[in-house]
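Subject: Structure handover and contact notes

Hello,

Please find the structure below. My notes on it follow, grouped by region and by kind of contact.

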Amino acid sequence: MQPVLNFINGSFVEAASQRTIDDVNPATGEGITTIPRSGAEDVQAAVDAALAATPAWASTPLEERIAWLHKIADALEEQAETIAQLESLDTGKPITLARNVDAARSVANFRFFADFVLQQPQQTFSDHGAINYVQRSPVGCVGLITPWNLPLYLLSWKVAPALLMGNTIVAKPSELTPLTANLLAQTMQTVGLPSGVFNVVHGYGPDVGQAIVEHDDIRGISFTGGTATGKIVAATAAPMFKKLSLELGGKNATVLLDDAPLDEIMQGVVRASFTNSGQVCLCGSRILVHASIYDDFLEKFVHAVERIQVGDPSNEATVMGSVISQDHKTKVESYIQLGVEEGGVVLTGGLSKTAPVENVSKHGAFLRPTVLAGLPATSRTATEEIFGPVVTVHAFETEDEAVEMANGTPYGLAGSVWTADIERGHRFAERMDTGIVWVNTWLNRDLRTPFGGVKQSGVGREGGAWSLNFFSELTNICVQQP
Ligand code: NAD
């Protein structure tokens, strides 16, 4: 594959240093291509281009920007299969998942915001003989920093509302998954988006991400990634009074009340546990089960987990591919080991040397879906984010205890509760200290709803009007009536 280049001012260019980083397929360990190892100088070039493009883009009528979003969506839709192939190659995720989730949602993000913005009422308030109305203007040049687990899905979730509201962009995708950000840059060039409106700078976080966050002329930062990185981003951006959106890590509970109909819900619970090898920030990695159904659940759950087809991501029948890298596999395995040291029992899966995945490259970062039981709900394994195919299962006696366990982590991103009684589901959901709770479903997303976390899972919300607000500055204009 051709080397990936930065996209600055409408052209593809090398890093100023001319250095590169290898992009590796985690399912085979083979190099795919190289990306620029950029630094502050490249970020400066991107910011210069973005600032030069800002006045014209900001004053482009909204209807025209909506038309651009549709044009981009059309062009991405035509390349949906390529998006899926590139995403699968870069991440090791199954091709079917990349098609159904990554490619489909990346197109949908552009279409959704293009349509949604027209449904927003003009906000006016009248009192004291005056009329107030709210005018939106763009923030300016914004920095968008994204992780590797859902590369184009999460990047387009930010790019679409940012463009729509008249901002120019310096984007930095994860160094582990650059391919679809590059495809998006090629698409912007093909559809003829004005030069400088959308720029991509590749490289490592501390070099490129940090340079974006600390750049004086970048007025907003939308960051999705780990909590530890989020702290660095916040520490840099907050004293500069930048607009800041942080979508961070999670350790989400899947709660099964005593009346949960196990056979009906089992596939939902398995999906919540192991979609994308557990590498979705919303995955339910701690399963809390009422003691009266605990044994029955474990038996059925382990049976279902053992039927997950793990293997070559390009195989249409594969349900779980590799994890993102050998380094990440080592991290996940260290948590499986920690779980055993903390008193847990591996019911299925485990370390790759004892539970190898058959018929895959020996250089691939493969793990079997792993279920650990017998751990205290307060253990490190049960409260720290692993972000891999590992779940812990815990029994509870009362709903109060389940609430305490569900809320007993530093995170507060998402959770799900499963019950035959919807009223109980509502009541339980309202007691969960998270930004999102699903009742009898998981990852059911209406793009108009607020998305984000509390506690160490982040600050702010994305989605619908929350994204439009983040990417605009609001001016209230108050006019005294004659
Ligand atoms: P990460 O924090 O390591 O990296 C995220 C991005 O930040 C990457 O592009 C990285 O290069 C960049 N970065 C690293 N150091 C930086 C710095 N000093 N300044 C600016 N940018 C820097 O996260 P990851 O490993 O790529 O992704 C996994 C994490 O993302 C998990 O914790 C997961 O829960 C989280 N995540 C959260 C959501 C959400 O919506 N809340 C969604 C997906 C993933």
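Serine 325 is buried, its relative accessible area being 16% (buried is under 20% relative accessible area, exposed is over 50%, and partly exposed is in between, with a 1.4 Å probe and protein chains only). The residue is found in the loop between α10 (294–306) and α11 (326–341); helices (H or I, at least four residues) and strands (E, at least two) are DSSP runs, numbered from the N terminus. Its side chain reaches the backbone nitrogen of histidine 328 at 3.0 Å. This falls under polar contacts, meaning a pair of N or O atoms within 3.5 Å; within protein, one must be able to donate a hydrogen and the other to accept it, and residues adjacent in sequence count only if both atoms are side-chain atoms.

**Conventions**

This is a predicted model, in which local features need pLDDT of at least 70 and side-chain atom pairs count only at pLDDT 80 or more, while totals for chains, interfaces and linings use all residues. Residues are numbered from 1 along each chain as its sequence is written, and side-chain values use heavy atoms, with hydrogens and water left out.

**Salt bridges**

Side chains of opposite charge can pair when their charged atoms come close. The whole structure holds 16 salt bridges, where a salt bridge is a side-chain nitrogen of Lys or Arg within 4 Å of a carboxyl oxygen of Asp or Glu.

One of them joins lysine 158 to glutamate 462, with the closest N and O atoms 2.8 Å apart. Lysine 158 lies in helix α5 (residues 151–164) and glutamate 462 in the loop between β21 (458–459) and α15 (464–470), so this pair ties together parts that are 304 residues apart in sequence. Lysine 158 is buried at a relative accessible area of 0%, and glutamate 462 counts as buried at 5%.

Another salt bridge is formed by the side chains of lysine 93 and aspartate 102 (2.8 Å, N to O). Both ends are buried: lysine 93 has 1% relative accessibility and aspartate 102 has 0%.

Lysine 172 has its place in strand β8 (residues 168–172).

**Aromatic pairs**

A pair of aromatic rings is described by the distance of the centres and the angle of the planes. Rings of Phe, Tyr and Trp (its six-membered ring) pair if their centres lie within 6.5 Å; planes under 30 degrees apart count as stacked, over 60 as edge-to-face and the rest as tilted. By this rule there are ten aromatic pairs.

Phenylalanine 112 and phenylalanine 116 make a stacked pair, at 5.1 Å centre to centre with 25° between the planes. They are four residues apart in helix α4 (residues 95–116), so about one helical turn separates them. Both phenylalanine 112 and phenylalanine 116 are buried.

The pair of tryptophan 148 and phenylalanine 387 is edge-to-face, because the ring centres are 5.3 Å apart and the planes stand at 65°. Tryptophan 148 lies in the loop between β7 (141–145) and α5, and phenylalanine 387 in the loop between α12 (380–383) and β16 (390–396), so the pair ties together parts 239 residues apart in sequence. Tryptophan 148 and phenylalanine 387 are both buried.

Phe112, Phe113, Phe116 and Trp157 form one aromatic cluster.

Arginine 105 lies over the face of tryptophan 157, at 4.7 Å from the ring centre. The charged end of lysine 243 sits over the ring of phenylalanine 470, 5.5 Å from its centre. The criterion is NZ of Lys or CZ of Arg within 6 Å of the ring centre and within 35 degrees of the ring normal.

The 22 residues of α4 should span 32 Å at 1.5 Å a residue, which agrees with the 30 Å between its end C-alpha atoms (the expected span is 1.5 Å times one less than the number of residues).

**Proline 161**

Proline 161 lies in helix α5 and is buried, with a relative accessible area of 0%. Between proline 161 and phenylalanine 198 there are 13 Å in space, C-alpha to C-alpha, and the two are 37 residues apart in sequence.

Regards
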